[in-house]
Amino acid sequence: MHDGSTAAPESGLLLNAALLRQGAAIARSLPAEQFTSTLPMLPGGTIGKHLRHVAEFYEAFLDGAAAGRIDYESRRRDAGFESSPGEAARRMDDLADRLESTEARAPDRGLRARGEGSTRDAVSSVGREIDALLSHTIHHYALVAVFLRSFGIEPPEEFGVAPSTLRHWESAAAR
């Protein structure tokens with residue numbers, strides 16, 4: 001979630017890469033049965049579907065940022081990703097590698113972005129999209145954490161928690 005910080009784009013990219021690696025680690029830790037299980041309280045979703053959705057947003061960002069137009073609506077929706085924890089982990093690690101080496105480091109560089117469900121492009125910037133990816137990923141990871149807990153697995157404390165919340169917890173603990 002964007003917390004109003006003016007962090008350098010490199011740190012935003014690196015934070016997003018770290019989140020992708022968290023997702024890859026979760027995928028690697030699960031058997032396919034848990035990776036593809038649904039929950040009555042979250043119908044239609046699985047851990048695999050949430051991680052696929054997240055990964056495809058990063059693919060759209062990386063593929064579109066260099067060209068100046070990101071289209072989050074036109075995604076692959078790869079069923080193989082959402083059914084294979086190993087494939088999901090590999091692709092998320094690959095995306096993290098791409099983010100760490102990307103040239104999309106000019107936060108004020110303008111671009112156009114078409115959001116999920118939208119029929120038109122909007123004016124945006126690289127920095128805004130980096131912040132949006134962070135928020136989007138944390139949102140989906142919070143849902144993944146619900147799945148994990150339903151399986152009796154406690155996710156890492158910071159998994160699915162906004163950086164501003166983590167800083168607040170750290171500050172409160174230091175008092």
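Mentor: Happy to! The largest nonpolar core has 43 residues, and Leu51 and Phe61 are those with the most contacts inside it. A nonpolar core here is a set of buried Ala, Val, Leu, Ile, Met, Phe, Trp, Tyr and Cys residues joined through side-chain atoms within 4.5 Å. Buried means under 20% relative accessible area, exposed means over 50%, and partly exposed lies in between, with a 1.4 Å probe and protein chains only. At least two residues of this core come from each of α1 (9-29), α3 (47-65), α5 (85-101), β2 (110-114) and α6 (126-150). These names follow DSSP runs numbered from the N terminus: helices are H or I with at least four residues, strands are E with at least two. In soluble globular proteins, nonpolar side chains tend to be buried together.

Before we go on, please keep in mind that this is a predicted model: local features need pLDDT of at least 70, side-chain atom pairs count only at pLDDT 80 or more, and totals for chains, interfaces and linings use all residues. Residues are numbered from 1 along each chain as its sequence is written, and side-chain values use heavy atoms, with hydrogens and water left out.

Now find Leu51. Not counting residues up to four places away in sequence, Leu51 touches Gly23, Ala27, Phe35, Phe81, Met92, Tyr141 and Val144. Contact means heavy atoms within 4.5 Å.

Helix α3 deserves a look as a whole. Of its 19 residues, 17 are buried, so α3 is largely enclosed by the rest of the structure.

Lys49 sits in helix α3 and counts as partly exposed, at 32% relative accessibility. Leaving aside neighbours within four places in sequence, Lys49 is in contact with Gly44 and Glu82. Lys49 and Arg77 are 28 residues apart in sequence, while their C-alpha atoms are 8.9 Å apart in space.

Next, look for ring pairs. The structure holds 2 aromatic pairs. In the pair of Phe57 and Tyr72, the ring centres are 4.9 Å apart and the planes are at 15°, so the pair is stacked. Rings of Phe, Tyr and Trp (its six-membered ring) pair if their centres lie within 6.5 Å; planes under 30 degrees apart count as stacked, over 60 as edge-to-face and the rest as tilted. This pair links distant parts of the chain: Phe57 is in helix α3 and Tyr72 is in the loop between β1 (69-71) and α4 (79-83), 15 residues apart. Phe57 is buried, with a relative accessible area of 8%, and Tyr72 is buried too, at 5%.

What about His140? His140 is in helix α6 and is buried, with a relative accessible area of 10%. Its side chain makes a polar contact with the side chain of His50 at 2.9 Å. A polar contact is a pair of N or O atoms within 3.5 Å; within protein, one must be able to donate a hydrogen and the other to accept it, and residues adjacent in sequence count only if both atoms are side-chain atoms. Leaving aside neighbours within four places in sequence, His140 is in contact with His50, His53 and Val54.

Finally, turn to α5. Its buried residues include Ala88, Met92, Leu95 and Leu99. Asp97, also in helix α5, counts as partly exposed at 40% relative accessibility.

Stepping back, the chain has 7 helices and 3 strands. Of its 175 residues, 46% count as buried. Residues 24 or more positions apart account for 70% of the contacts with a separation of 6 or more.
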